[in-house]
Amino acid sequence: MKKLIAIVVAFASAGAARAQLQTALFPLEVGNRWTYVVHNGTDIDASNKKKTVVVEVERREPYEKNVGFILKNTSDAKVTRDHVVVLPDGVYRVHVAETPITPPVCLIKLGDKSNTWQSNSKS
């Protein structure tokens, strides 16, 4: 029985550590918001037309047995939603505007110091 409790505590601790790391890199908490300024062209100066894209964590949305979130993306009057999921090795986009991505696209690779990874998905 003590071994079972130790195993459960170990898995819970690993999940909490993963969630903390994920939060530091990509803070997925309901209500968090990022604002991006998008420029046309390669030079960023006052003459380029700019638009703003706001990404907000709208709600928690489980995906299979994993923690997931719906990200609301707003640009001008257009609103889309992406479904992202925290898996043991990273944060993945699994749906874009309610369209599944196969296989899911890794947005952030957790525990990988190389900062690079391969992706081959279709939406």
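**Serine 75 and its setting**

Author: Serine 75 is found in strand β3, which covers residues 67–75. This is a predicted model. Is serine 75 buried or exposed? Serine 75 counts as buried, because its relative accessibility is 14% and the cut-off for buried is under 20%.

Six strands form an open sheet in the order β1-β2-β3-β4-β5-β6. The pairing is antiparallel. The edges are β1, residues 33–39, and β6, residues 99–109. Each edge strand pairs on one side only. On average, neighbouring strands of this sheet are turned by 30 degrees against each other, with direction ignored.

Further along the sheet, β4 spans residues 78–87 and β5 spans residues 90–96. These two strands run antiparallel, and six bridges join them. Leucine 87 stands opposite glycine 90 in β5.

Asparagine 32 lies in a loop, between α1 (2–25) and β1. How does its accessibility class come out, and why? Asparagine 32 counts as partly exposed, because its relative accessibility is 24%; that class lies between the 20% and 50% cut-offs.

The contacts of asparagine 32 are Pro27, Val55, Glu56 and Val57, again not counting residues up to four places away in sequence. The side chain of asparagine 32 reaches the backbone oxygen of proline 27 at 2.8 Å. With glutamate 56 there is a sequence gap to note. Asparagine 32 and glutamate 56 are 24 residues apart in sequence, yet their C-alpha atoms are 5.7 Å apart in space.

Finally, the whole chain. The secondary structure comes to one helix and six strands. From the N terminus on, the elements run α-β-β-β-β-β-β. The protein chain has 123 residues, and buried residues make up 22% of them; serine 75 counts as buried. Take the contacts between residues at least 6 apart in sequence: 19% of these join residues at least 24 apart. The chain exposes about 8,700 Å². Carbon and sulfur atoms supply 56% of that area.

Terms used. Residues are numbered from 1 along each chain as its sequence is written. This is a predicted model: local features need pLDDT of at least 70, side-chain atom pairs count only at pLDDT 80 or more; totals for chains, interfaces and linings use all residues. Side-chain values use heavy atoms; hydrogens and water are left out. Two strands pair if DSSP finds at least two bridges between them. Helices (H or I, at least four residues) and strands (E, at least two) are DSSP runs, numbered from the N terminus. Axes are lines fitted to C-alpha atoms, for helices over the stretch in contact, and angles run from 0 to 180 degrees between N-to-C directions. Buried means under 20% relative accessible area, exposed over 50%, partly exposed in between (1.4 Å probe, protein chains only). Contact means heavy atoms within 4.5 Å. A polar contact is a pair of N or O atoms within 3.5 Å; within protein, one must be able to donate a hydrogen and the other to accept it, and residues adjacent in sequence count only if both atoms are side-chain atoms. Accessible areas come from the Shrake-Rupley method with a 1.4 Å probe; for residues, only the protein chains shown count as cover.
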